[in-house]
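Hi everyone, thanks for making time this morning. I'd like to walk you through one model, so please have a look at it with me.

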Amino acid sequence: MSALLVVADRIVTGFDTDGRPEILIDAGILVERGVIAAVGTSATLRRAYPDAREIGGRGRVAIPGLVNAHHHVGLTPFQLGARDQPLELWFPERLVMRDIDPRLDTLFSAFEMIASGVTTVQHLHSRAPGNSQAVLARADGIIGAYVEIGMRASYSFALRDQNRMIYAADEEFVASLPARLRAPVSVHLSAFGLPLADQVAVFHALRDRWSGADLIGIQIAPSNLHWLSDAALESAAAMAEETGAPMHMHLLETPYQAEYARRRTGGSALEYIDRFGLVGPELTIGHGVWMTSDDIALLAERGGFLCHNCSSNLRLKSGTADLNSFLASGVSVALGIDEAGINDDRDMLQEMRLALTLHRLPGHDAPCPTAAQILRMATEHGAATTPFSGQVGRLAPGRLADIVLLDWNKATWPFQDAATPLVDVLVRRAKPSAVETVLIGGETVYHNGVFSRVDRDAVLREIAAALGSADTPEEAIQRRLASDLLAPVRDFYRGWL
């Protein structure tokens, strides 16, 4: 394979130890066999590698591929009929969501992510019905779709062995329901009752199956404290110790989860999982909205990560994470779009802009994140929460060639003051329309609105055809259950806060 030279007016290679962006002027990136071989001035690299194929050029800015460090599904819940609800009420609301082929579903969101500059995604598969073979088949459909489109993905099937609808035992919930609902709810919950040992076996099977895939990593995802027995927490710790795989865990997303932790443990959810050896450099906490100052200090002390899910926290009434305190404490923070962004899509550029803006506290001297901190969350720090840590998130020799080229004229048209720092302009103004080229492992997977490996229009037509028919009998039952269960679920939490 011949060498490739990516040329741009300016290249954001990463950040220095103080968090300042490192930017090269009139520079190039030499790519060989999917890896960055050299970074330097474009003139020097052209002389040294005269036969290299060249892309980019004048008017272009290159940045590391963005990392969506927290993602779940393809078509959004809202598209499939689940209105935004407080998280605990959203669980029954989501029963209206129709089933769709995992390949089509995954490609749908991959199109949106790549078009906004995302090259790596942390795919957290929250639930799948059936036995181990059914779960593995669905996982392979999802992972296979990422390979098909050429996107880098860290996949995890979430561990979960209790409390599948409310923050109490399934049996307690079913017993509390009107008689007519008990049987259908029991049937629904039992479909997701894969034994804990089988869930652990799924993790190991996927690691074995995808161990040789350049684009794929397999991660551990203990789902959340209320969904995990002590035995499941112990299993997660054992999996991490045995394999060294990184771990991503939802925690303290809502005030109800904080109250559940108090009732179960007498204190903090983070302190409790720390007893199992789970809090350390391999752990990323998803959400963490209701972490206390003591929790933040513990996470910083242990070297753990936070993944900030700004849009999701707002849409599901979970609250606003204290991002400024996390940053001030030295916790490395990643950025995730979760189920969908504020505009019900997977626009990572927009998610960066929202995080930058939401946390600008009132007062002249009040803390607020910088554009550089936000971009670092979406690149280097996001990468560090995945199995690709040290391989992506920066543009440097030896790193994988995951590169995004932006048409700077489109990002700034019709005018932008030249004295404004580049990263500030990027985070505040860049939109997917400015994303010209996306390279993953040195391969151009997206250029000028066209995906090189997959026909986007054909996939969208397949999705439209698949969902254009009436509900199946099973889907109709689920839709009725969604309506019937909202009141009982709401009643369960009365008086919690």
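**A buried leucine and its surroundings**

Let's start with Leu375, which counts as buried at 1% relative accessibility; buried here means under 20% relative accessible area, exposed over 50%, and partly exposed in between, with a 1.4 Å probe and protein chains only. Before I go on, a word on the source: this is a predicted model, where local features need pLDDT of at least 70 and side-chain atom pairs count only at pLDDT 80 or more, while totals for chains, interfaces and linings use all residues. Residues are numbered from 1 along each chain as its sequence is written, and side-chain values use heavy atoms, with hydrogens and water left out.

Back to Leu375, which sits in helix H15; helices (H or I, at least four residues) and strands (E, at least two) are DSSP runs, numbered from the N terminus. What is Leu375 in contact with, leaving aside its neighbours within four places in sequence? The list is Val12, Phe15, Leu66, Met352, Val423, Leu426 and Val427, where contact means heavy atoms within 4.5 Å.

Helix H15 itself covers residues 371-384 and lies across S11 and S12, running at about 110° to S12. For such angles, axes are lines fitted to C-alpha atoms, for helices over the stretch in contact, and the angles run from 0 to 180 degrees between N-to-C directions.

That brings us to the sheet. It is open, with four strands in the order S9-S10-S11-S12 and parallel pairing; two strands pair if DSSP finds at least two bridges between them. Strand S9 (247-251) and strand S12 (332-335) are at the edges with a single partner strand each, so one side of each has no neighbour in the sheet. On average, neighbouring strands of this sheet are turned by 30° against each other, direction ignored. Between S10 (residues 283-287) and S11 (residues 305-308), which run parallel, there are three bridges. Thr284, for instance, has Phe305 in S11 as its bridge partner.

Now to another strand, S5 (residues 66-71), which holds Asn68. Is Asn68 buried or exposed? Asn68 is buried, with a relative accessible area of 0%. Leaving aside neighbours within four places in sequence, its contacts include Met113, Gln122, Leu335, Asp338 and Met348.

Let me finish with Leu358, a residue of helix H14 (residues 348-358). Leu358 is partly exposed, at 32% relative accessible area.
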